[in-house]
Amino acid sequence: MSYIVFSTLVLLITLLGVYVVIENNRKKAREAEKKVFNDRLKKITSQFKSKTSEFVEAKALRPKYSPKVNAIVGNFFVVQAHTEENLDQLERIAEQFIYCVVSELNKCRENGNLDLLSDQLQYFVAELPTSGISYNKEFYQEILPALIIMIKTPEQGPNSTPNDESTQSNDDATSETVDENKATQKVAAKPQPVA
């Protein structure tokens, strides 16, 4: 009888030991996943904030608007779950914003019209939510992508747009025709010498 009790006790201790080891391994795996998640989030956030600083240095974004733009990444998980899918979405939206502003910054530098981009970013910031709770799933999936598209500046040259040039050339042609008609009328109105 004591043999059965001893065997049962050894078996229970072994099962308890196996359970503790398995739980410790699960806990370590969860902590490792959480660390990878947090490291990735820090990388996305710091990259976004450094780009925002670059936009401020390039005079495309006014310094007072920098915190509001950084709130895009800072408030992402205020009302959303910490999942890989949501982190992927944050990464996509951050990259979309950065790509759009860099592209527009390069275009405006070529055109010599950086003020236009600065104004577009000012309008962008004005449309961002004022409270952290408003940075929800709907904002990131529907509203923010539309706001990013609004940053894009119209295509134009250093001093005028292609449409202005064609309008101007049409106006020039019209004024030349009017000038020719006036000159013809003046010649016709001159008194002719009588023979």
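Which residue forms a salt bridge with Glu-84? Select Arg-40: the closest N and O atoms of Arg-40 and Glu-84 are 3.0 Å apart. A salt bridge here is a side-chain nitrogen of Lys or Arg within 4 Å of a carboxyl oxygen of Asp or Glu. The pair connects distant parts of the chain, with Arg-40 in helix H1 and Glu-84 in helix H3 (residues 84-111), 44 residues apart. Helices (H or I, at least four residues) are DSSP runs, numbered from the N terminus.

Before going on, note that this is a predicted model, in which local features need pLDDT of at least 70 and side-chain atom pairs count only at pLDDT 80 or more, while totals for chains, interfaces and linings use all residues. Residues are numbered from 1 along each chain as its sequence is written, and side-chain values use heavy atoms, with hydrogens and water left out.

Buried means under 20% relative accessible area, exposed over 50%, and partly exposed in between (1.4 Å probe, protein chains only). Arg-40 counts as partly exposed at 22%. Glu-91 is partly exposed at 26%, and Glu-84 is partly exposed at 42%.

Next, select Asp-39 and Lys-35. Their side chains form a salt bridge of 3.1 Å, N to O. Both residues lie in helix H1, four residues apart, which is about one turn of the helix. Asp-39 is partly exposed, with a relative accessible area of 38%. In total, the structure holds eight salt bridges.

Where is Leu-11 found? Leu-11 lies in helix H1 (residues 2-57), and it is exposed, with a relative accessible area of 53%. Select Leu-12 and Leu-15 as well: with Leu-11 they form a nonpolar patch on the surface, with about 310 Å² of accessible area together. Patches are made of residues with over 30% relative accessible area and no salt bridge, where like charges are joined within 9 Å and nonpolar side chains (Val, Leu, Ile, Met, Phe, Trp, Tyr) within 5 Å. Accessible areas come from the Shrake-Rupley method with a 1.4 Å probe, and for residues only the protein chains shown count as cover.

Technical notes. Helices (H or I, at least four residues) and strands (E, at least two) are DSSP runs, numbered from the N terminus.
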